Amino acid sequence: MKNYILAFFVASFSLLIAQTTDRTQSSSMVVASTISVTIGGQFPITGTFPASVTERVDQFVSRMYNQSVERSLRTATDQTMLEKLKKELSDYSLRGIILKRANGDEIILDLAKFRIDGDFKNNPYLKNDDVIIFPPNDIERNFVSITGAVNSPGKFLFVEGDKLKDLIELARGINKAYENVTKAKIYRLSYDGENSQIIEVGINDEFLLKRGDQIVVLADETQRKEFFALVLGEVIQPGYVPVTKNSTKLGEVIRQTKGFTDNASLIRARLFRGNSVTTLLEKQYGIKIDEKLLNNDRELVDRIVNYEQAMMFRMSNLVEEDQYYFQAENQYRVLNEGSAIDFSKISDENSEIYNFIVYPGDVIIIPPKRNTVYVFGQVSNPGHVKFVEGKDYLFYIEQTGGLGEYAEDEIMVIKGGSRNWIPAERNIEIEEGDYIFVPKERIKSFRTLTMELSGYFSIIGSIATVILLIVQLGK
């Protein structure tokens, strides 16, 4: 019994010793795997920090950056300060980084290229007492830029030894949308900025760049783009229809939508160039008016629209009384340009409407038939009246209870398709969607009549004076 108890205690003690040894070895391994790395130069956070031997440079840099961002943003009290902090924290370069080893070796790293091509020569494992030094991020003066037939045109920090192929790689390579891309032009300014040297090279040449070089990778602009028109309303398959740059016919577009429904009103169909004033401003002035700008800076939008108005007035001879009418007409022109076309003969391939050219961004709207005529103005019960083929304007006025006491004789028919105003006559054809407007007779007060008469007498008096002068001069 004693031997059994002794054996139990010996086994338990051995197990305790073993566990203690494992924990000690584990702690020793953790200590051994932790190294010290220093960050210097232009980086959001500098100093000496613990790292792991299993960390590469990019992992360590990303971790330290995220920690500095998290700590700094805790102090932000408003959105403006938050945006400012984010901008300041991101002001460092992933290019031209110097990695100094404890043995004296220095390695130039390009983490920007590593994040594109995954080449670990630019992202080695860290060692104890490594020093990572970030260069000054003076991209306004210490830069090279690349545009043209590349995937991501941009401006990059210049690093001594940069070649054309390095910049093409940083721009994520040649854009596959462009064909026969073989050459690039290097625009190189003199130190005083007064003279420019243009160097044409092959894109595969080992061409050594200089600080400030501006590269244009040459290619004809591809027109293989997402061109489309939008068709809405009473067609069988409404939606976006692919079109060419400038040769797709309206009849072909309607065919793509499988034609009109039985409820389509062709006399009121519309084609808009672009999609209203938003597209106009973007095309004409290069300003993209998105929803945010429209909501937050309506004054800017109004100023741009008014600029178009001012340009039209600039060389005109309009008097003030004419300007209000002209403004209304010009706004109609701006917003509705290109829409006055008749869809009724669209099925005829030889017709003008079938061959009408549709441009990318055009919007075609085919409204439903109203099957009513709208009567308003000086009638007893203004509103929609069911359309009856062959009935004249008097029929529809009767359906609304007849003319009011102060109705004027100059009744107008406003065509639903063209919006033309036509004096109402018995032979005017009334179509579905038309409007009949009965204006109100102007009741003139005694004061109004007196003012008008005084104006007439003043004119007559002036004419009489001129005649009298002429007569006197003739004597």
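These legends go with a handful of close-up views of a predicted model. Residues are numbered from 1 along each chain as its sequence is written, and side-chain values use heavy atoms, with hydrogens and water left out. Because the model is predicted, local features need pLDDT of at least 70 and side-chain atom pairs count only at pLDDT 80 or more, while totals for chains, interfaces and linings use all residues.

**View 1. Arginine 255 pairs up with glutamate 349.** This is one of 18 salt bridges in the structure (a side-chain nitrogen of Lys or Arg within 4 Å of a carboxyl oxygen of Asp or Glu). The closest N and O atoms sit 2.2 Å apart. Arginine 255 belongs to helix 6 (residues 250-256), and glutamate 349 to the loop between helix 10 (320-336) and strand 15 (357-358), so the bridge ties together parts that are 94 residues apart in sequence. Helices (H or I, at least four residues) and strands (E, at least two) are DSSP runs, numbered from the N terminus. Glutamate 349 is partly exposed, at 42% relative accessibility; the scale here is buried under 20% relative accessible area, exposed over 50%, partly exposed in between (1.4 Å probe, protein chains only).

**View 2. Arginine 63 meets glutamate 55.** Their side chains form a salt bridge at 3.0 Å, N to O. Glutamate 55 is buried, at 11% relative accessibility, whereas arginine 63 is partly exposed at 28%.

**View 3. The largest nonpolar core holds 46 residues.** Such a core is a set of buried Ala, Val, Leu, Ile, Met, Phe, Trp, Tyr and Cys residues joined through side-chain atoms within 4.5 Å. Phe43, Phe60, Ile132, Ile146, Ile215 and Val217 have the most contacts inside it. Helix 2 (residues 57-73) gives the most to this core, namely six residues. Another core, of 18 residues, lies apart from it, with Phe227, Val241, Val243 and Ala264 among them.

**View 4. Isoleucine 215 and its surroundings.** Setting aside neighbours within four places in sequence, isoleucine 215 has contacts (heavy atoms within 4.5 Å) that include Ser145, Ile146, Leu164, Ala184 and Leu209.

**View 5. Helix 3 (residues 79-89) and its buried leucines.** Leu82, Leu85 and Leu89 are the buried residues here. They span an arc of only 65° around the axis, which puts them on the same side of helix 3; the arc is that of the directions from the helix axis to the C-beta atoms. Helix 2 is part of what covers them. On the face turned away from that buried side, look for exposed Gln79, Thr80, Lys84 and Lys87.
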